[in-house]
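Me: I want to know what stands behind each label put on this model. Take me through the terms and hold the values against them.

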Amino acid sequence: MNAGAEDRFHTSAVSSITPGPRRAILRTSDGVRIEAVYEPCARGAADTAIVVAHGFTGSADRPAVRRAAGVFAQYAAVITFSFRGHGRSGGRSTVGDREVLDLAAAVEWARSLGYARVVTVGFSMGGSVVLRHAATHQGGARGRTEAVAAVSAPARWYYRGTAPMRRVHWLVTRPAGRLVGRFGFATRIHTEDWDPVPLSPVEAVPLIAPTPLLIVHGDRDPYFPVDHPRMLAAAGPAQLWLEPGMGHAENAADDELLGRIAGWLIAARPAA
């Protein structure tokens with residue numbers, strides 16, 4: 001790793017001979033410090049790292065994220081991280097906008113560790129982030145990804161069509177809601193509106209090809225009904241898995257589904 005890379009990736013003081021996860025602090029291109037966790041591959045694809053983007057109010061240490069990482073680590077190396085404003089990361093959440101820079105830092109760290117293939121999977125807000133990241137980091141960029149899976153992702157911004165999403169909007173837009181986010185969910189939320197409004201997930205999808213794209217969604221998702229994944233899948237080349245009986249995001253994804261997603265990410269290659 002060169003000096004510039006070392007300045008951006010600070011590994012915690014854990015013995016190099018100790019097996020298991022390694023923690024680091026990453027610095028994004030806009031200067032935010034992001035906590036990240038690296039888990040070597042237990043078995044499977046030695047050349048691939050899966051970078052996991054959690055949902056809103058999640059973090060690298062939430063049980064559902066750790067469970068998903070444990071399943072993915074049976075197939076490839078895994079990097080989890082906490083978005084800005086979440087967990088031990090710095091900054092404040094912009095609810096899917098500048099979080100693309102957080103994901104890019106995690107992908108670049110995976111490449112600095114020597115992985116030839118880096119793939120991403122995101123849940124809910126993280127699903128929107130992996131879509132926008134794949135659309136904006138193409139070609140030879142170190143932050144690019146070789147395959148993308150978006151789970152329980154919204155297709156469009158400002159959706160308020162379900163009671164859970166109306167509660168999320170209150171949490172994000174109201175001072176009292178942001179206090180609840182900070183002290184109830186350990187999530188520090190930015191007070192400013194988007195300006196400009198970022199590229200929406202459905203607008204990002206056509207820009208992702210030829211990178212392989214998988215859209216996964218539960219038919220009982222209480223946040224985003226099934227018109228969201230159908231809209232995403234119709235916007236560009238993508239596989240769509242509508243999962244019977246599944247709810248929302250990482251909490252609802254069982255180990256069997258997580259294993260299928262990992263297998264797809266490892267096998268996926270651009271169309272000839």
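Reply: Start with exposure: buried means under 20% relative accessible area, exposed means over 50%, and partly exposed lies in between (1.4 Å probe, protein chains only). V95 has a relative accessible area of 22%, so V95 is partly exposed. The model is predicted: local features need pLDDT of at least 70, side-chain atom pairs count only at pLDDT 80 or more, and totals for chains, interfaces and linings use all residues. Residues are numbered from 1 along each chain as its sequence is written, and side-chain values use heavy atoms, with hydrogens and water left out.

Me: What makes the phi of V95 worth a note?

Reply: Most residues other than glycine have a negative phi. V95 is not a glycine, yet its phi is positive, about 55°. V95 is found in the loop between β5 and α3. Helices (H or I, at least four residues) and strands (E, at least two) are DSSP runs, numbered from the N terminus.

Me: What is the phi of Y158, and where does Y158 lie?

Reply: Phi of Y158 is near 65°, a positive value in a residue other than glycine. Y158 sits in the loop between β7 (148-151) and α5. Its relative accessibility is 45%, so Y158 counts as partly exposed.

Me: Why is H228 called buried?

Reply: The relative accessible area of H228 is 0%, so H228 is buried. H228 lies in helix α8 (residues 227-234).

Me: Which residues is H228 in contact with, leaving aside neighbours within four places in sequence?

Reply: Contact means heavy atoms within 4.5 Å. On that basis H228 is in contact with A153, P154, A155, R156 and Y159.

Me: How do you know that D30 and R84 form a salt bridge?

Reply: A salt bridge needs a side-chain nitrogen of Lys or Arg within 4 Å of a carboxyl oxygen of Asp or Glu. The side chains of D30 and R84 meet at 2.9 Å, N to O, so the pair qualifies under the 4 Å limit. This pair links distant parts of the chain, 54 residues apart. D30 is in the loop between β2 (22-27) and β3 (33-39), and R84 is in the loop between β5 (76-81) and α3 (99-112). D30 has 29% relative accessibility, so D30 is partly exposed. R84 has 4%, so R84 is buried.

Me: How many salt bridges does this rule give?

Reply: The count comes to 15. R23, E35, D61 and R88 are linked in a network of salt bridges.

Me: What makes the D255 and R67 salt bridge a tie between separate parts of the chain?

Reply: The side chains of D255 and R67 meet at 2.9 Å, N to O. D255 lies in helix α10 (residues 255-267) and R67 in helix α2 (residues 63-72), so the bridge ties together parts 188 residues apart in sequence. D255, at 42% relative accessible area, is partly exposed. R67, at 29%, is partly exposed.

Me: How are R260 and E256 placed along helix α10?

Reply: They are four residues apart, so about one helical turn separates them. The closest N and O atoms of their salt bridge are 2.7 Å apart. R260 has a relative accessible area of 30% and is partly exposed. E256 has 47% and is partly exposed.

Me: Where are the cis peptide bonds from D195 to P196 and from A209 to P210?

Reply: Most peptide bonds are trans. The bond from D195 to P196 is cis, with omega near 5°. P196 lies in the loop between α6 (175-184) and α7 (201-204). The bond from A209 to P210 is cis too, with omega near 10°. P210 is in the loop between α7 and β8 (213-218).
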